[in-house]
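Reader: I would like to learn how to read this structure feature by feature. Where do we begin?
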Amino acid sequence: MKGQIKAARRRVVMASLYLGTGPLEQELVDCLESTLEKSLQAKFPSDLKVSILLDFTRGSRGRKNSRTMLLPLLQRFPEQVRVSLFHTPNLRGLLRLLIPERFNETIGLQHIKVYLFDNSVILSGANLSDSYFTNRQDRYVFLQDCPEIADFFTELVDAVGDVSLQLQGDDTVQVVEGMVHPYRGDRAAYCKAANKRVMDVINSARTRQQMLHTQTFHSDSLLTHEDAAAAGDRRPAPDTWIYPLIQMKPFEIQIDEIVTETLLTEAERGAKVYLTTGYFNLTQAYMDLVLGTRAEYQILLASPEVNGFFGAKGVAGAIPAAYVHIEQQFFSEVCSLGQQARVQLQEYWRRGWTFHAKGTWQLARSRPTQDSRGTGLWLYLTGSSLPCLTLIGSPNFGYRSVHRDLEAQIAIVTESRALQQQLHQEQEQLYLRSGVVSSATFEQPSRQVKLWVKMVTPLIKNFF
């Protein structure tokens, strides 16, 4: 990321839940400052713009926080830097006043993870925090020189930024002129305005993509890779397509949810679906599809020891146990339905690391006897040993991702054998550090869940 920032000439766009406050995060801010300084001193002044989108509640937590980290940039480069802080419209009134700082994030968040430099984009589930830079397992895809994707995510972050609070140089926040306030204004009016602002971006991109798709696949002059190479054409037919999937239920935008449910619904007998999530807390709709369809499933999740909340103080420390309880309930349902051969759970474990890989379903159409290991959504067509499709991004596939937070991921559809091999290797690497869950798993002392956690879990599982 620092290398990309140093090379940026036109734009740096970052969307994350928060920016950490440690030395590695400070290095990132210093890198931005240095690049902005050089852009001002250049012989031909650069029009470099930096846009950062974070969540208001998470980014404002504590005395030293994301806001205080970024204030020097705003103060020094007010014309080039924009910091937007999304505040969910669902946290308002007495609710906003009564819920403590650490727990107000459960109501809804800005959860998109996009890091963009000129025309190159990093899509991930990772935040801008030292643990993600050091010992937290996550997924990243780096899209180099993809102007269409870069333009789309720039426009998307701009749109969400426009309906967010704007950080000022004195650490106050303001609403964009003419915009409804997210928690002081009328909620319905705000959500309607936000829906229009974001959907304008999505519809515009959809129109451009449909035109490009038509030109590419329905043009009489379309050349195959072989014909293009023989003719010396430097722009053969593309072998990889990328489809952004957005989920913003507070604004009634449910594209990712619809696509995910469609993929699960249409998974046929002989297909294999691989899912990884850092926090196993699937929505009831997704669980019903897993248990009710005919495909085979392998689900990779975090063992309690590599859960990001493991060892936390107070109520947060009980969250890994709550996930164990949810996992055990799901496993019991699989067993009661006699589906153990079709639905398999696996737990990721790595000493000293936490597990956060998510946004990743995998659909593999193959013979029932074939061993298929991996993570993500990969589509293996009949007779193929390599995937042609994967999903990657911020969603966790839980209630919060679907109903409360702002999420984005991409579907990568590819005919490139080299890329297919990379995706296949990635999913195998994640599963190498996993063990299969069985009834004996829940008999271990570390899996004993206290009664009060079991009683509270149904009441709170939609908030974490």
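**Strands, cores and a helix**

Author: We begin with a strand pair: in β4, the bridge partner of Ala15 is Val114. Keep in mind that this is a predicted model.

Reader: How many bridges join β1 to β4, and in which sense do the strands run?

Author: Four bridges join β1, residues 11-15, to β4, and the two run antiparallel. β4 also pairs with β5, residues 120-124, again over four bridges and in the antiparallel sense. Val114 has a partner there too: Leu123 in β5.

Reader: What should I look for in the hairpin of β4 and β5?

Author: Look at the turn. Two residues lie between the strands, and Asp118 takes a positive phi near 55°.

Reader: Which way do the residues of β4 point, and are they buried or exposed?

Author: Val114 and Leu116 point one way from β4, residues 114-117. Tyr115 and Phe117 point the other way. All four are buried.

Reader: Where else is phi positive in a residue other than glycine?

Author: Asp171 is one case, with phi near 70°. Its place is the loop between β8 (165-167) and β9 (173-175). Asp145 is another non-glycine case, with a positive phi of about 50°. That residue sits in the loop between β7 (140-143) and α7 (147-162).

Reader: Is Asp145 buried or exposed?

Author: Asp145 counts as exposed because its relative accessible area is 59%, and the cut-off for exposed is over 50%. Asp171, at 27%, is partly exposed.

Reader: Now the interior. What is the general idea behind a nonpolar core?

Author: In soluble globular proteins, nonpolar side chains tend to be buried together. Here the largest nonpolar core has 44 residues. Those with the most contacts inside it are Leu143, Phe153, Leu156, Met248, Phe251, Ile253 and Ile410. A second, separate core has 35 residues, including Leu282, Tyr286, Tyr323 and Ile326.

Reader: What does Ile253 touch, leaving out residues up to four places away in sequence?

Author: Asn195, Val198, Met199, Ile202, Ile246, Gln247 and Met248. Met248 also stands opposite Ile253 in β11.

Reader: Which sheet holds β11, and what is the strand order?

Author: It is an open sheet of four strands, ordered β11-β10-β19-β18, with antiparallel pairing. β11 (253-254) and β18 (389-393) are the edge strands: each has a single partner, so one side of each has no neighbour in the sheet. Two bridges join β10, residues 240-248, to β11.

Reader: Which helices pack here?

Author: α8, residues 187-217, lies across β10 and β11, running at about 160° to β10. α14 packs on the sheet and touches β10, β18 and β19 (406-414). The direction of α14 makes about 130° with that of β19.

Reader: How do I read the sides of a helix?

Author: An α-helix has 3.6 residues a turn, so residues three or four places apart point the same way. Take α14, residues 417-432. This helix has 16 residues and reaches 22 Å from its first C-alpha to its last, close to the 22 Å expected.

Reader: Which residues of α14 are buried?

Author: Gln420, Leu423, His424, Gln427, Leu430 and Tyr431. They lie on the same side of α14 because they cover an arc of only 125° around the axis. The face turned away from that buried side carries exposed Ala418, Gln422, Gln429 and Leu432.

Conventions:
Residues are numbered from 1 along each chain as its sequence is written. This is a predicted model: local features need pLDDT of at least 70, side-chain atom pairs count only at pLDDT 80 or more; totals for chains, interfaces and linings use all residues. Side-chain values use heavy atoms; hydrogens and water are left out. A nonpolar core is a set of buried Ala, Val, Leu, Ile, Met, Phe, Trp, Tyr and Cys residues joined through side-chain atoms within 4.5 Å. Buried means under 20% relative accessible area, exposed over 50%, partly exposed in between (1.4 Å probe, protein chains only). Contact means heavy atoms within 4.5 Å. The expected span of a helix is 1.5 Å times one less than its number of residues. The arc is that of the directions from the helix axis to the C-beta atoms. Two strands pair if DSSP finds at least two bridges between them. Axes are lines fitted to C-alpha atoms, for helices over the stretch in contact, and angles run from 0 to 180 degrees between N-to-C directions.
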